[in-house]
Amino acid sequence: MGAATALVTLRHGDLGVLSCNPAIGGLGKGHIVREIDALDGLMARIGDAATLQHRLLNRSKGPAVQGLRAQVDRKLYAQAMRGALAVQSGLTIIEASVDDFIVEPHGRVVGVETACGPLSARSVVVTTGTFLTAMLHHGLLSAPGGRLGGGTAQGLGTALRRLGLPMARFKTGTPPRLDARTIDWAQLAMQYGDAEPSTLSDQPPEVSRTQLPCGITRTNLATHAIIRRNIELAPMYAGLIDGVGPRYCPSIEDKVMRFADRDGHQVYLEPEGYDDATVYPNGISTSLPPEVQAEFIGTIAGLERARIIRPGYAVEYGVVDPRALTLSLVVRGHEGLFLAGQINGTTGYEEAAGQGIVAGINAARAAADLPPVIFDRASSYIGVMIDDLITNGVTEPYRMFTSRAEFRLSLRADNASTRLTPLGIAIGVVGPVRRARHRLHEAALARAHLLLDTLKASPARVAAANIAVNQDGRIRSAREWLAHPALDWATACQVWPALGEIEPSIGATLATDMHYAIYLERQAADVREYRRNLALPLTVTDFSRIAGLSNEMVDRLSSARPTTLEAAKRVPGITPGALTALLAHTRRAA
């Protein structure tokens, strides 16, 4: 976007390092990755360049809830990311710690203090990951650090508190890494990648490699007995960790203690690289002492002789209550300061990157004295996530799921470029290669729509393709016929060979739109109502002055500080009566 940018990092060699699992995407997360790609972000393309296995999750379900996921080679991913950053014009990478902010008297942040001296800036984006005032825990031993062998951003924690930001502690963890050469793979079920890979990016690089499988095993009662016998050595149960862990990715200690009736938990053995013997056992994150980890791993089928390359551990780190932010991810009352990623209470690479691209866009626009770009719930999963964060806050690490998006029928991974690339072009964040590709895509889409309206067929012709349809004699367009649930794109190409000219990915998207047409029309009405409510601003500084609001409603609204009636609707616990009072107040104010 033309902004001179400095990336300040504790260690240059850590750029692109995947701290936890060697995978990108997943259910809900894959949608965010495709949206980042639509805005010309790097994550999807770098992920595809480093992929060692592609899978489309929820393949048996509808396209709206399917999830793109790629198992990646850690070394290749980091190398590709560092290579992309090295050639990015306007970017300077500085290896240093950031210890404080440079703040003007009225609260605007205009730079940072680093170990190398002060850096002036019109915008500052803080992306501390799990390194903010971080502590590592293995067994009863603790030490500063946000990753094994990594440092901690201690000074920033003090600086954020000095700004008066509300803060909390969260926890995450990682499993022990195993030596693939010591695993008995013959005992295990194997999970292979898709024969026809679904890539993270809709413009993947020309890379062709043999996909590597993952192994599948399970813990058992003997495993659980060892964990229970040593549970007082787990830092969480010993009272050494105050932070809240992720509900949807609990440690094996939590699984065993919370789900005592289960006789086993699945473990996926994920390879970390083509020329790397390290295996990531997804499902047994633990912070028990290394000797206990070795003991319980030895009870798992296929892992009886497995050697631990690196023990698992827990990380406790600082977060800021995201309700302190606006939808642009700028800190309220501190112009020029943006926060993105785990510092806002989210989990995962994907959620962090989704916030990062929004914070980056708006930081560049703020530096150029331009208004912010807002991603709303009707436009993107990124918008759903940010709205959830700043409206509801977080009581545990936030993870994206398709169920969080009420407009998910129209927020599919396959139409992300149609939804977001025009916006990216308009604000100048999309480069020339994607711009050119998007023009070709839109032209092909227009031709496809013309064909769908022009090509027609009788019920007899459709039935000849082995599709059971009502023989009412009515001639219908290809668009109308594609609404039939049994008529997929491949069959449509048999009925109308001219459709074979259309790129298969465009055809699949069109077929999905036709199948969902009735529901998409209803959802479009919901989106219009949503955006009408978004247009009703709540310019309220004191909710206690609004007639009809109980003390509880005043407390909830004062804590969330919604800026629109639509945002107020999603504040937890807000009643219909309270919304009626807010609507009446808003109309009087207008």
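Mentor: Let's start with terms: helix axes are lines fitted to C-alpha atoms over the stretch in contact, and angles run from 0 to 180 degrees between N-to-C directions. Helices are DSSP runs (H or I, at least four residues), numbered from the N terminus. This is a predicted model, where local features need pLDDT of at least 70, side-chain atom pairs count only at pLDDT 80 or more, and totals for chains, interfaces and linings use all residues. Residues are numbered from 1 along each chain as its sequence is written, and side-chain values use heavy atoms, leaving out hydrogens and water.

Trainee: At what angle do helix α8 and helix α9 pack?

Mentor: Helix α8 covers residues 349-367 and helix α9 covers residues 381-392, with axes 10 Å apart. The two are therefore roughly perpendicular (65 to 115 degrees). The packing angle is about 90°.

Trainee: Which residues of α9 make the contact with α8?

Mentor: Contact means heavy atoms within 4.5 Å. From α8 come Glu351, Gly354, Gln355, Ile357 and Val358. Facing them from α9 are Ile382, Met385, Ile386 and Leu389.

Trainee: How many disulfides does the structure hold, and how far from Cys20 is the nearest cysteine sulfur?

Mentor: A disulfide needs two cysteine sulfur atoms within 2.5 Å, and the structure holds 0 of them. For Cys20, which is in no disulfide, the nearest cysteine sulfur is that of Cys249, at a distance of 6.4 Å.

Trainee: Is Cys116 buried or exposed?

Mentor: Relative accessible area decides this: buried is under 20%, exposed over 50% and partly exposed in between (1.4 Å probe, protein chains only). Cys20, at 22%, is partly exposed. Cys116 has 61% relative accessibility, so Cys116 counts as exposed.

Trainee: How far apart in sequence are the parts tied together by the pair of Tyr248 and Phe401?

Mentor: The structure holds 2 aromatic pairs (ring centres within 6.5 Å). In this one the centres are 4.7 Å apart and the planes at 75°, so the pair is edge-to-face (over 60 degrees). Tyr248 lies in the loop between α5 and α6 and Phe401 in the loop between α9 and α10, so the separation of the parts in sequence is 153 residues.

Trainee: And which helix holds Tyr530, the partner of Phe407?

Mentor: Phe407 and Tyr530 also pair edge-to-face, with 5.6 Å centre to centre and 65° between the planes. Their pair ties together parts that are 123 residues apart in sequence, and both residues are buried. Phe407 lies in the loop between α9 and α10, while Tyr530 lies in helix α16.

Definitions and conventions: Parallel < 35°, antiparallel > 145°, perpendicular 65-115°, else oblique. Phe/Tyr/Trp six-rings, centres within 6.5 Å; stacked < 30°, edge-to-face > 60°.
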